[in-house]
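I opened a new notebook page for this structure.

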Amino acid sequence: MSDNFDLIVIGGGPGGYVCAIRAAQLGLKTACVESRGTLGGTCLNVGCIPSKSLLNLSENYHKAKKNFFNQGIEVSDVRLNVEKMMSNKNKSVQVLTKGVEFLFKKNKVSYLKGKGVIFSPTSVVVYDQGKKTAYNTKNIVIATGSYSSSLPGVKIDEKNIISSTAALSLSSVPKSLVVIGGGYIGLEMGSVWKRLGAEVTVIENLPFITPGMDREVSNEFQKILAKQGIKFKLNSKVLSIKDLGSEVKIEYQSNEKNTPDTILANKTLIAVGRKPYTEGLNLNKIGVKKDEKGRIKVNKKFQTDIKNIYAIGDVIDGPMLAHKAEEEGIAVAELLAGQSGHVNYDVIPGVIYTSPEVAYVGRSEEQLKKDGIKYKIGKFPFLANSRAKVNNETEGFVKILADSKSDRVLGVHIIGPHCGDMIAEMALAMEFGASAEDIARTCHAHPTHTEAIKEAALAVDKRPIHF
C-alpha cells in the first residue's frame, strides 16, 4: 500500500481538479487520478475550450470573408488554412492543460496518472501501463464526467459518423454536414463548419431546438441560424444512418407524416446528448447506487450511499456544465474541511457560444407557467442599443422575468452579442435576490451592450427609455 491521503479525487476534469486544488488549499493531503494523460477532462481537451477556439477563429474568418468589405475594410485573397487553425486550437489546449499541472504543483496536489478503481471505501488502485498501485484514503470523490451518446444501432467511428471529439479535429471542411440533435453541442459545431464553408443541416426530433430553453428565445435563435444558412429538419426522427464510404446516408421521417425521406452528407455529427461515465469504477461491488439514467445517487452533501464516497459533476443529476461541476467540487472540498459548502442551483448560467451567443440564468416562461408563478416581462432589443448598432451586432434581445408581486428577478434570457459575459451580472443579481428595479436603478456605462440589461429591467415596469 502506497501513500495515505485525506482525499483522492477520481477524474481530472473541471469538477475533479478544482475539488482537488480547493481541498489542498484547506489543508487536506490530496491526490487526483486522471487516465487521459492530460488534465482538464473533456472540457479542456475535447470540449468547451477547443470548441470555443474554433468558434472564435471561424467567426473571424467569416467576418473577413463576408462582412469587412461593407464596413470599409477591404481585404483580398482571404484563404482558409484548416491545418494552421487546428494547430492554433491545439496549442491553446496544451497551454491550458499544462497550466492545471502547474496549479497542482503549486497547491501540492499529487497527480496520479492512470485509471482509478475503487476497491473499498478507503482504497483506490491506479492502473497505468500494466502497473498497479494501491493508495489509502479517508475520502473519495468521483468526478469522472461523461461521454457522447449515440442512437440505437449507430456506431460512431469518428471517420464519417462522428462525435463532437472528431468534429473538433477535422482535417478539411466537409462539403456537407448533417447534425443529429439541435442542442448546444450540435449547434456550436454546426456553426463552426457552416462559417468555414460546409452545407449544414440539423435534424431534431422535437419541433424546436435547444430543449429546456425559454421558447421565445429558442424560436428567435432558430430564425437567426436559418438566416445564416443552417437548414433545419425539426419534429423529425432519424430512422437509420448508413456509412456508404464516401458519404453517409441518413434516413429520417417527420413525426407528422409516415413517409421516410433521405439525405446524403460527407459527415454526420451525432450530438444527441451525453451519458455519465461510471463504468469500471467498481461501484456495484462496493455498494454505490445509481438511478435509472445511470447517474450516481447523492444527498445534498454530495455523499453516495457510502458516507465517505462523494460524487460531483456530470456523473450526478443536474446540467452537464463545467462550471456546475466546479461549484460542486469546491462545495465538497469545503464540506470535507468542516465548512458549509453549498451550490445554488437556481443561478447556474448556461451559454451557447454561437454568433450571436445565447445565455440564460434562472427559470423560463414555460417553467414559471408550469409552477403557477405569476410574473412580469421586460424585453429590450439590441437593435435599440447604441453599442450593438455601431458594431453591426443588432440581432437578439434581453428578456427579464420578474415576480409579479415582489419584483424579484426569476429568470433572464439573452440572445445577442457578448451575452455569455453579460449573463454574469444577472447571475450575481439573482444570487443576492435583486429586484428588476434594483437593476434598473443601477448605473450602466454608456455605450455598452449591458445597457440593454438596464433597459429590459426598466421595461419590466413598462418604462424603457430607448425603445
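My entries follow, and I note at the start that the model is predicted.

**Entry 1: strand β1**

I started with strand β1, residues 4–10. Is β1 mostly buried or exposed? I found six of its seven residues buried, so the rest of the structure largely encloses this strand.

Next I looked up its partners. Strand β6, residues 131–142, runs parallel to β1, and six bridges join the two. I then followed the chain from β1 to β2. It passes through helix α1, residues 14–25, and this β-α-β crossover is right-handed.

**Entry 2: Val9**

I stayed in strand β1 and looked at Val9, which is placed there. Its relative accessible area is 0%, so I put it down as buried. What does Val9 touch, beyond residues up to four places away in sequence? I listed Gly16, Cys19, Ala20, Ala31, Cys32, Val33, Val141 and Ala143.

I also checked one distance. Val9 and Asn255 lie 246 residues apart in sequence, and their C-alpha atoms are 45 Å apart in space.

**Entry 3: helices α1 and α4**

I went back to α1 and compared its axis with that of helix α4, residues 82–106. The two axes come within 10 Å and cross at roughly 20°. With that angle, I call α1 roughly parallel to α4. The crossing of α1 past α4 is left-handed. Which residues make the contact? From α1 I noted Tyr17, Ala20 and Ile21, and from α4 I noted Val100, Leu103 and Phe104.

**Entry 4: a sheet of five strands**

I then traced an open sheet. It has five strands in the order β8-β15-β9-β10-β11, and the pairing is parallel. Which strands stand at the edges? They are β8 (161–162) and β11 (231–233); each has a single partner strand, so one side of each has no neighbour in the sheet.

**Entry 5: strand β9**

I took β9 from this sheet for a separate check. Five of its five residues are buried, so β9 is largely enclosed by the rest of the structure. I looked at both faces and found both covered. Ser176, Val178 and Ile180 are buried on one side, and Leu177 and Val179 are buried on the other.

The chain goes from β9 through helix α6, residues 184–195, to β10, in a right-handed β-α-β crossover. How many bridges join β9 (residues 176–180) and β10 (residues 199–203)? I read off five, in the parallel sense. I noted two facing pairs: Leu177 stands opposite Val200, and Val179 stands opposite Val202.

Strand β15, residues 267–270, pairs with β9 in the parallel sense over four bridges. Ile180 has Ile270 as its bridge partner in β15.

**Entry 6: cis peptide bonds**

I looked up two cis bonds. One joins Ser355 and Pro356, with omega about 5°. Pro356 sits in the loop between β18 (350–352) and β19 (357–362). Another runs from His446 to Pro447, with omega near -5°. Pro447 is in the loop between α13 (436–440) and α14 (451–460).

**Entry 7: positive phi**

Thr210 is not a glycine, yet its phi is positive, about 45°. I found Thr210 in the loop between β10 and α7 (215–227). Is Thr210 buried or exposed? It is buried, at 1% relative accessibility.

Lys462 is not a glycine either, and its phi is positive at about 60°. Lys462 lies in the segment after α14. With a relative accessible area of 74%, Lys462 is exposed.

**Entry 8: Asn308**

I ended with Asn308, in the loop between α8 (283–286) and β17 (309–311). At 14% relative accessibility, Asn308 is buried, because the cut-off is under 20%. Apart from neighbours within four places in sequence, Asn308 is in contact with Pro121, Thr122, Lys138, Asn139 and Ile140.

Conventions:
Residues numbered from 1 in each chain as written. Predicted model: local features only at pLDDT ≥ 70, side-chain atom pairs only at ≥ 80, totals over all residues. Heavy atoms only, no water. Buried < 20%, exposed > 50% of the residue type's maximum accessible area, 1.4 Å probe, protein only. Pairing = 2+ DSSP bridges. Right-handed = clockwise from strand over helix to strand, strands pointing away. Axes fitted to C-alpha atoms, helices over the stretch in contact; angles between N-to-C directions. Parallel < 35°, antiparallel > 145°, perpendicular 65-115°, else oblique. Left-handed = near helix turned anticlockwise from the far one by under 90°. Contact = heavy atoms within 4.5 Å.
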